[in-house]
Amino acid sequence: MAIIAGVEWTRAALESRVGKLAEEHEGAELVAAIERFGEQLDEEERALLGRVLLARARGAGVPADYPKWSVILPRRRRRR
């Protein structure tokens with residue numbers, strides 16, 4: 001996947017991108033595609049992506065303690 005320069009990743013834009021990825025992939029492939037996409041985003045955008053994914057999953061009935069969240073959501077950075 002190519003990095004999309006100049007895109008302002010608003011919540012609506014991220015929801016649309018996640019929807020497109022969900023149309024193209026399933027299961028572990030979807031998780032991997034979202035992870036690759038998330039690597040292209042800055043810290044603030046990744047946090048917003050995490051909130052989009054959590055809202056989407058909760059709407060689909062996935063519990064908040066689902067074990068794959070650690071893969072999808074951005075890791076917290078330690079302050080030095």
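The legends below accompany close-up views of a predicted model of one protein chain.

**View 1. The overall fold of the predicted protein chain consists of helices.** The chain contains 4 helices and 0 strands, and from the N terminus on its elements follow the order α-α-α-α. Of its 80 residues, 28% count as buried. When contacts between residues at least 6 apart in sequence are considered, 56% of them join residues that are at least 24 apart.

View 2. In soluble globular proteins, nonpolar side chains tend to be buried together. Once residues up to four places away in sequence are set aside, V18 touches I34, L49, V52, L53 and R56.

**View 3. Helix 1 is shown with its buried residues and what covers them.** Helix 1 is built from 14 residues and reaches 20 Å from its first C-alpha to its last, close to the 20 Å expected at 1.5 Å a residue. Its buried residues are L14, R17, V18, G19 and L21, and what covers the buried residues of this helix includes helix 2 and helix 3. E15 is also found in helix 1, but this residue is partly exposed, because its relative accessible area is 38%, a value that lies between the 20% limit for buried residues and the 50% limit for exposed ones. Although E15 and A55 are 40 residues apart along the chain, their C-alpha atoms are separated by 9.9 Å.

View 4. With 13 residues, helix 2 reaches 19 Å from its first C-alpha to its last, which is close to the 18 Å expected at 1.5 Å a residue. The residues L30, V31, A33, I34, F37 and G38 are buried in this helix. An α-helix has 3.6 residues a turn, so residues three or four places apart point the same way. On the other side of helix 2, A28, E29 and E39 are exposed.

**View 5. Helix 1 and helix 2 pack against each other.** Two packed helices are described by the angle between their axes and the distance between the axes. For helix 1 and helix 2 the angle is about 145°, and their axes are 10 Å apart; the crossing in which helix 1 passes helix 2 is right-handed. On the helix 1 side of this contact are L14, R17, V18, L21 and A22, which meet L30, A33, I34 and F37 in helix 2.

**View 6. L49 is a buried residue of helix 3.** L49 lies in helix 3 and is buried, because its relative accessible area is 3%, whereas the limit for a buried residue is under 20%. Leaving aside neighbours within four places in sequence, L49 is in contact with L14, V18, I34, F37, G38 and L41. The C-alpha atoms of L49 and A13 are separated by 9.8 Å, although these residues are 36 residues apart along the chain.

Definitions and conventions:
Residues are numbered from 1 along each chain as its sequence is written. This is a predicted model: local features need pLDDT of at least 70, side-chain atom pairs count only at pLDDT 80 or more; totals for chains, interfaces and linings use all residues. Side-chain values use heavy atoms; hydrogens and water are left out. Contact means heavy atoms within 4.5 Å. Helices (H or I, at least four residues) and strands (E, at least two) are DSSP runs, numbered from the N terminus. The expected span of a helix is 1.5 Å times one less than its number of residues. Buried means under 20% relative accessible area, exposed over 50%, partly exposed in between (1.4 Å probe, protein chains only). Axes are lines fitted to C-alpha atoms, for helices over the stretch in contact, and angles run from 0 to 180 degrees between N-to-C directions. A crossing is left-handed if the near helix is turned anticlockwise from the far one by less than a right angle, and right-handed if clockwise.
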